[in-house]
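Trainee: Hi! Could you walk me through this one? I'd like to start with a single residue and then look around.

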Amino acid sequence: MTDSSDGTACDGEREPGPSDSLRTFGAVVQALREHAGLSRADFGARVRFSRHTVESVELGRRMPDESFVERAEEALGNTGALRKAAGHLTRGEAGLATWFRRWARLEKVAVSLCTYECRLVPGLLQSEGYARAVFEGTIPVVPDERLEELAAARRQRQRMLYERPTVPFSFIVEEHVFRRRFGDASQMRNMFDHVLEHSGPRNVRLQIVPLEGELHACLDGPVRLLETAEGRRFAYSEGQQNGRLISDVKEVSLLQQRYDTLRSQALNPKDSRDLLERLRGEL
């Protein structure tokens, strides 16, 4: 993501790694195919799936359906190995980068969530057009077949804002994030409308750090913080191609202090919404 995820590129939601079971199943298919002396194209013709589908299954990027498994069994010796292996396949957490998945699971049970972002709109607040622009801009390029999966994962995470109305969500975002252009003016307006709508519920608090604001304690980069029902606190930080879940009490406490200080320096929620509406009106 980006907000990873919440993104892909920055939210921990870049191209997700395949689950171990999918990767293992794919490796078995590939080994049996190569042992039979078949190219991917030849094998695809036998199982009546495209070469691209065969490649996706072998690389663990695609969940094989029942017809693929049955036809592959028949084409590769009918040993029963693929049928048995298929019974243990799991999709993992589609649309989420491997390093973001543990944090995503904690999010689901958190009693409070805080996000500081200086790179892009947080994933939980992104419009679909904005999210797709993030996904499409990543390197390596996300295959077309994955875009819908990534978009669906983003929409699923965003439901938290409404499905958990008693959980406080706090967002602090740098103003320049909202000034960065993508798409045309209508897409930009849609992004502002989406952010304003999703930050509207009483349990969601959005604050913006204005451009004229002074240097502050969170300049080391984005950070997320949460607390569980048991009173445990965790933090999450992310960089290029990696993310780190932080559980050390002292380190989490330090990051929480930085976040709380920045909260007092950012615009209040009303002024933040006024700023977003003004930026929208300038388009």
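Trainee: Is Gly77 buried or exposed?

Mentor: Keep in mind that this is a predicted model. Gly77 is exposed, because its relative accessible area is 56% and the cut-off for exposed is over 50%.

Trainee: Where is Gly77 placed in the chain?

Mentor: Gly77 sits in the loop between α4 (66-75) and α5 (81-86).

Trainee: And how many residues apart in sequence are Gly77 and Ala36?

Mentor: They are 41 residues apart in sequence, while in space their C-alpha atoms are 8.8 Å apart.

Trainee: Okay, new topic. What about Glu107, buried or exposed?

Mentor: Glu107 counts as buried, since its relative accessibility is 4% and buried means under 20%. You'll find Glu107 in helix α6 (residues 101-107).

Trainee: Which residues does Glu107 touch?

Mentor: Leaving out residues up to four places away in sequence, Glu107 touches Leu113, Arg157, Met160, Arg164, Arg224 and Leu226.

Trainee: Let's move to helices. How many residues of α3 are buried?

Mentor: Six of the eight residues in helix α3 (residues 51-58) are buried, so this helix is mostly covered. The buried ones are Thr53, Val54, Glu55, Ser56, Val57 and Glu58.

Trainee: What follows α3?

Mentor: Gly60 follows α3, and its phi is positive, near 80°.

Trainee: Now a helix pair. At what angle do the axes of α7 and α8 cross?

Mentor: Helix α7 (residues 128-136) and helix α8 (residues 144-158) have axes that cross at roughly 135° and come within 10 Å. That angle makes α7 oblique to α8.

Trainee: Is the crossing left-handed or right-handed?

Mentor: α7 passes α8 in a right-handed crossing.

Trainee: Which residues make that contact?

Mentor: On the α7 side they are Glu128, Ala131, Arg132, Phe135 and Glu136. From α8 come Leu147, Glu148, Leu150, Ala151, Arg154 and Arg155.

Trainee: How many of those are nonpolar, polar or charged?

Mentor: The contact of α7 with α8 has five nonpolar and six charged residues, with no polar ones.

Trainee: Why do residues three or four places apart in an α-helix point the same way?

Mentor: An α-helix has 3.6 residues a turn, so residues at that spacing point the same way.

Trainee: Last one, zooming out. How many helices and strands does the protein chain have?

Mentor: The chain has 13 helices and six strands. Of its 283 residues, 49% count as buried. Its accessible surface comes to about 13900 Å², and 49% of that belongs to carbon and sulfur atoms.

Conventions
Residues are numbered from 1 along each chain as its sequence is written. This is a predicted model: local features need pLDDT of at least 70, side-chain atom pairs count only at pLDDT 80 or more; totals for chains, interfaces and linings use all residues. Side-chain values use heavy atoms; hydrogens and water are left out. Axes are lines fitted to C-alpha atoms, for helices over the stretch in contact, and angles run from 0 to 180 degrees between N-to-C directions. Helices (H or I, at least four residues) and strands (E, at least two) are DSSP runs, numbered from the N terminus. Angles under 35 degrees count as roughly parallel, over 145 as roughly antiparallel, 65 to 115 as roughly perpendicular and the rest as oblique. A crossing is left-handed if the near helix is turned anticlockwise from the far one by less than a right angle, and right-handed if clockwise. Contact means heavy atoms within 4.5 Å. Ala, Val, Leu, Ile, Met, Phe, Trp, Tyr, Cys and Pro count as nonpolar, Asp, Glu, Lys and Arg as charged, and the others, Gly among them, as polar. Buried means under 20% relative accessible area, exposed over 50%, partly exposed in between (1.4 Å probe, protein chains only). Accessible areas come from the Shrake-Rupley method with a 1.4 Å probe; for residues, only the protein chains shown count as cover.
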